Amino acid sequence: MQISMIVNGQTRTDDVEPRLLLAHYLREVCGLRATNIGCDTTSCGACTVIVDGLTVKSCTVLAVQAQDSRVTTMEGLSAPDSELHPVPAAFRAEHGLQCGFCTPGMVMAAIGLLADNPDPTDREVREGLEGNLCRCTGYHNIVRAVRTAAAAGPAASSVPSDAQVTA
Amino acid sequence: MSILGTRVVRTEDPLFLTQGATYTDDLTDERLSGALHATFVRSQVAHGRVLTVDTAEAARASGVVAVITAADLVDLEPLRGYSFVAKTMVRPWLAGETVRFVGDPVAVVLTEQRYQGEDAAELVAVDIEPYPAVVRLADSVREATLLFPDAGTNVAKTFGDPRPKDFFDDCEVVVSQAIVNQRVAPVPLETRAAAAYWGTDGRVTIWCSNQGAQQVRDQITEWLHLDDGLVHVITPDVGGGFGAKIGADPEFALIAWLARHQGRPVRWAESRSENLVGMVHGRGQDQTVSIGGRRDGTVQAYSIEIVQDSGAYPWLGTALPSLTILMAPGVYAIDEVHGSARSLVTNTTPTGAYRGAGRPEATAAIERAMDLFAAEIGMDPAEVRRRNLLPAFTEPHKTPTGATYDSGNYLAALEEVLAAAGYDDLRREQALRRDRGDVYQLGVGISTYVEITGGEPDEGGEEHAQVEVHADGQATILTGASPHGQGHATGFAMLASAQLGIPLDKITVQHGDTDRIPEGGGTMGSRSLQQGGAAVHQAAGELIDLARQRAARILEANPDDLIVDLPLAGLSVRGTPGTGISFADLAADEPLLVDSTFRAAAATYPFGAHVAVVEVDTESGKAEVVRLVSVDDAGTILNPLLAEGQRHGGIAQGVGQALLEEILYDDAGNPLTSTLADYPFVSATELPSFELIAMETVTGMNPLGAKGIGEAGTIGSTPAVQNAVIDAVAHLGVRHIDMPTTPMRVWRAINEARSAAEATGTES
């Protein structure tokens with residue numbers, strides 16, 4: 001069936017199987033392969049993207065459910081050759097990533113977390129990211145990165161195509 | 001100021017944080033256009049005879065190109081995998097006669113599209129007559145059922161001799177304990193994936209997620225009986241490995257075989273539930289430790305007897321008890337040390353390397369034993385350790401088990417971590433809570449450790465590097481190490497930059513392509529910096545020598561008068577900086593390139609000490625790690641940011657094993673933890689932020705002075721946390737709790753101790 005949505009600011013129309021997961025749609029139809037799939041039980045959060053201002057695990061949403069939505073993936077955060085968005089910038093500064101597989105989902109989840117709570121404590125960051133698993137960092141530097149990003153203010157919880165993430 | 005030793009942020013990150021890394025399943029290489037998708041059909045029975053594999057209905061399903069079973073693999077001999085595996089315990093590529101674990105591949109469905117494979121795989125009807133399943137090691141020992149009747153035994157390998165009968169005769173006190181170092185899942189966030197393409201030249205290119213392309217190339221060449229030179233392995237970005245991606249997996253070779261069979265490229269990316277049964281598991285040792293000594297706290301003798309779970313087919317895990325025995329005495333001066341082991345097959349997923357790979361099992365055992373000994377003689381566990389640590393040494397020290405420790409200062413590590421943790425204050429707080437009978441009791445756990453990293457000269461102790469400076473001022477480093485998150489591109493560029501003066505943003509580090517880099521040992525055993533980095537360092541030094549000869553001709557100077565001019569990124573005559581010639585200019589007419597192989601003098605032995613502080617809810621049994629303080633001494637640190645990241649990740653995996661994680665099977669061999677909804681992968685909420693203390697005791701085994709840091713955190717943290725949980729409830733009469741120290745286990749231990757105390761009429 002035909003679906004239409006705005007992905008990273010660009011309107012797309014595609015013909016897809018009704019059962020196609022949003023994660024696979026983004027990766028294989030849109031060619032946006034930053035979004036990773038790390039499990040099959042909605043446990044790991046590697047596939048987290050922002051849909052209409054809300055963070056969602058795109059392995060648990062059908063592409064057709066995102067009809068007419070605005071979808072942002074990590075590729076949509078930082079324009080090429082421009083400065084990094086404050087959240088990825090903080091992940092770099094604090095060494096909040098190693099193998100990078102959880103990172104796109106972790107970054108998107110962090111943006112949603114900061115939209116909900118612009119100045120979280122360590123504990124609040126840990127609870128806010130409980131649904132995103134990382135095997136490399138022990139979360140230590142991810143927590144620091146999110147708190148560093150919080151210092152950037154509202155820009156940290158914004159995505160280019162949706163000025164402000166709601167939560 | 002030198003860039004070495006500074007907190008340089010990673011050069012890898014801008015791409016990783018914008019477009020993302022490119023893992024095997026992300027590849028859009030045109031050689032893979034039109035690739036078939038492979039979907040494995042795996043046994044859902046732990047042990048049994050394959051009666052029929054009916055592929056007819058699957059073959060008719062939409063998009064199905066072929067369904068391959070054992071009957072199609074006539075040109076392939078069963079897989080031995082590693083040279084230590086007995087020929088009677090070989091592994092079928094696809095099970096045609098016997099299945100030996102839930103997850104054993106039985107068939108492969110090849111489809112045009114990914115989803116079609118999942119649909120069709122469900123239509124393959126596999127009829128299996130069950131045999132009794134050998135699930136627990138205790139069942140395997142009994143040998144009532146043999147996994148490989150032709151072998152006549154379930155024992156895949158043995159290590160060491162039985163303990164002499166008089167071993168503990170001189171000891172006043174002897175304590176013994178059965179300990180389970182449980183089976184856990186490595187769970188790199190990227191599951192296994194592979195893709196293969198055969199060129200018209202008869203060569204196969206295989207992309208796969210692994211920790212060392214050269215080893216994968218050699219294994220697949222051997223397994224598929226191909227001539228040398230026909231296999232080209234490319235390692236894209238790798239989403240974590242932790243030891244479980246060492247070497248080729250059988251599926252990788254099979255994907256290559258299928259691509260040839262079909263005359264089309266084939267790709268495969270497993271799901272997580274497939275990964276949790278199909279990828280090797282780690283640990284899996286049943287240990288019996290015995291420790292003997294005097295009541296003054298002196299430990300005189302220590303013994304560890306190991307039963308290692310090999311899983312259904314002997315793989316790397318089978319060999320790991322050798323490392324456990326080697327490292328058995330740990331940091332202690334113990335006169336008599338005994339270790340022996342048997343590796344046994346069971347109807348479970350094969351075991352392999354997982355962060356630490358045999359060494360965490362050694363440390364967990366002796367650190368538990370030290371606490372048991374301390375409890376038995378009524379001495380503080382820190383004090384018992386002080387009395388038995390090897391004194392500081394800078395000359396190699398030979399241990400009773402045959403290891404040669406390079407350098408160590410164990411007491412300093414222990415005292416540093418105790419001071420940082422505020423050990424005495426913690427004990428006072430603990431005493432107050434015990435006196436008050438608080439529901440939340442405090443536990444303080446100590447571990448001191450030493451481990452082995454890198455390799456001996458003839459056993460993985462060498463690494464290859466190429467350094468080239470181009471005429472445009474850029475430099476390229478080729479390395480045989482193989483990063484999967486560690487930051488080699490940053491670290492190795494730092495090493496070259498420090499010697500050549502070329503800025504980091506002009507240095508490219510490449511790895512994982514066996515045509516470009518034919519020799520390499522990959523990344524495992526915490527070897528990359530001390531061997532791969534040392535090779536880059538050595539190659540850069542040799543490049544300077546080469547440049548010096550060229551510059552001497554051009555500048556009409558004596559080569560001995562030419563010195564590196566870092567701001568110039570070139571060479572100048574001594575005393576006249578800025579007047580020389582750049583490396584880039586020296587590359588104008590002919591390549592300025594050096595290939596070099598670094599050979600380590602010997603393996604290195606990083607060490608450290610951890611203190612874990614836990615709170616245990618004595619009503620529910622739930623333990624929470626509230627502090628984790630660590631000293632991890634890995635010699636000279638190149639980049640503290642990267643080294644700390646390695647420690648953080650390692651510590652977290654150790655806490656995960658100590659508190660939460662365990663692969664479980666029911667009595668029929670059905671996995672109970674085959675999704676991330678069931679397997680308790682440690683999350684952010686279950687961890688504190690860590691308190692790291694820096695300490696650097698250099699090694700003389702390489703010119704960098706560096707030891708390995710990749711696995712140290714896991715080795716140190718696991719027993720510290722386990723000891724802390726037990727310590728929290730020790731005053732209630734609890735002596736030991738196996739990992740994972742789940743609420744159920746802790747609650748049960750408390751209640752059993754109380755019941756025992758009531759039965760004997762004693763107050764606890």
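**View 1. Where domain 1 of chain B meets domain 3 of chain B.** In this predicted model, 10 residues of domain 1 of chain B are in contact with 12 residues of domain 3 of chain B. Look at the domain 1 side of that meeting place and you'll find six nonpolar residues, three polar ones and one charged one.

View 2. As for the predictor's confidence, chain B has a mean pLDDT of 97, with 99% of its residues at 70 or more.

**View 3. Chain A against chain B.** Now for the place where the two chains touch: 40 residues of chain A are in contact with 42 residues of chain B. On the chain A side, the elements giving two or more residues are α2 (86-93), α3 (103-116), α4 (122-128) and α5 (140-150) of chain A. The largest share comes from α2(A), which puts in four residues. Sort the chain A side by class and you get 19 nonpolar, 12 polar and nine charged residues. For the complex, the predictor gives an ipTM of 0.97 and a pTM of 0.97.

Notes:
Residues are numbered from 1 along each chain as its sequence is written. Chains are lettered from A and ligands numbered from 1 in the order in which they are written. This is a predicted model: local features need pLDDT of at least 70, side-chain atom pairs count only at pLDDT 80 or more; totals for chains, interfaces and linings use all residues. pLDDT is the predictor's confidence in each residue, from 0 to 100. Two residues are in contact if their C-beta atoms, placed from the backbone, lie within 7 Å. Ala, Val, Leu, Ile, Met, Phe, Trp, Tyr, Cys and Pro count as nonpolar, Asp, Glu, Lys and Arg as charged, and the others, Gly among them, as polar.
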